[in-house]
Amino acid sequence: MNKPLNDQSLTTDGLPATGKGRILLLACGALAREILDLIKMNGWSHMDLHCLPAILHVHPEKIPNAVEQAVLKFRSDYDDIFVVYADCGTGGLLQSLCDDLGVEMVAGPHCYSFFEGNEAFAKTDEIDCFYLTDFLVRQFDAFIVKPLGLDRHPELRDMYFGNYKTLIYQAQTDDPALTEKAKEHAERLGLAFERRLTGYGDLETTLGSLT
C-alpha cells in the first residue's frame, strides 16, 4: 500500500489486501485513494483494504459475483468484512447478496450519493445532471469515452448526452488541475459545468463507525 497508486491498475486489477488489520474493507478500485487517505488521516490501523477492479462498473451485473468470491476468499482471515460498494447499478442484488453472506455494505444507490451525502442527494432533483468524481475525472476515457464508443464515433455524443444539461464534478480533493480537467470533459460533452467540493461525505462517517 506504500507504493504510489496507479489509476490504470486500479481500473483493471484493483488493489490487493495487505493481510493486516481486523476489518477488511472490500471496495471498488475507484475508491482506493479516498479510503487509503481516510485510513491514514484517522489512524484506522485496524482496517485493511482490498479493491476489486473499478472497471466492473461498466458491467454492474458482474459486481455481486466478484464481491461474493472475495468475501468467501477472505472471510477466515479477518474478524469482519465491510463492503464499500453502494448498489452501483445491481438493482438490489448486491444488498441481497450481502444480507445472505452476513456482511454489511455502504448505504446508497451509488458513490455520487454517498459523496454528496445520501440524505442530501435524495432531496435533489437532478435527472438532467451527469456526475464525475475525482477518479472518474482522471479515468474519463476508460469509463466514459471508450465504453460508449465516443473515441470512434464522436457523433454519438448528443445521442448519449442530449438529455443532460450539466456535468457536476463532485470533488473529493481541492485540486485545481482536476477541476480544469473536469471542465474540459464538460465542454467535450457539450454540458454546463458545476463543481461541488463534497470531500468524502458519508464514506468517512460510515467507515468511522466501524470498530
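A salt bridge is taken here as a side-chain nitrogen of Lys or Arg within 4 Å of a carboxyl oxygen of Asp or Glu. The structure is a predicted model, in which local features need pLDDT of at least 70 and side-chain atom pairs count only at pLDDT 80 or more, while totals for chains, interfaces and linings use all residues. Residues are numbered from 1 along each chain as its sequence is written, and side-chain values use heavy atoms, with hydrogens and water left out.

By this criterion the structure holds 11 salt bridges. One of them joins Glu119 to Lys123, with the closest N and O atoms 3.9 Å apart; Glu119 and Lys123 are both exposed, where exposed denotes over 50% relative accessible area, buried under 20%, and partly exposed the range in between, computed with a 1.4 Å probe on protein chains only. Another salt bridge is formed by Asp7 and Arg33, whose closest N and O atoms are 3.1 Å apart. This pair links distant parts of the chain, since Asp7 lies in helix α1 (residues 7–12) and Arg33 in helix α2, 26 residues apart; helices (H or I, at least four residues) and strands (E, at least two) are DSSP runs, numbered from the N terminus. Asp7 counts as buried because its relative accessibility is 12%, whereas Arg33, with a relative accessible area of 26%, is partly exposed. A further salt bridge connects the side chains of Arg196 and Glu194 at 2.8 Å, N to O, and salt bridges that share partners join Glu116, Glu126, Glu194 and Arg196 into one network.

Strand β1 (residues 23–28) and strand β3 (residues 80–84) run parallel and are joined by 5 bridges, with Leu24 standing opposite Ile81 in β3. The buried residues in α2 include Ala32, Glu34, Ile35, Leu36, Leu38 and Ile39, and the helix is followed by Gly43, which has a positive phi near 65°.

Strand β5 is joined to the parallel strand β6 (residues 166–171) by 4 bridges; Cys129 stands opposite Thr166, and Leu132 opposite Tyr169. Both faces of β5 are covered, with Cys129 and Tyr131 buried on one side and Phe130 and Leu132 buried on the other.

Thr133 is buried, because its relative accessible area is 4%. Leaving aside neighbours within four places in sequence, Thr133 is in contact (heavy atoms within 4.5 Å) with Cys111, Tyr112, Phe115, Tyr169, Gln170 and Gln172. The C-alpha atoms of Thr133 and Cys51, 82 residues apart along the chain, are separated by 17 Å.

Asp134 lies in helix α7. Although buried, Asp134 has no salt bridge, and the nearest side chain of opposite charge, Arg138, is 4.8 Å away; in assigning charge, Lys and Arg count as positive and Asp and Glu as negative, while His and the chain ends are not counted. The side chain of Asp134 instead makes a polar contact with the side chain of Thr173 at 2.7 Å, a polar contact being a pair of N or O atoms within 3.5 Å of which, within protein, one must be able to donate a hydrogen and the other to accept it, and for which residues adjacent in sequence count only if both atoms are side-chain atoms. Not counting residues up to four places away in sequence, Asp134 touches Glu34, Tyr169, Gln170, Ala171, Gln172, Thr173 and Leu178.

Methods. Two strands pair if DSSP finds at least two bridges between them.
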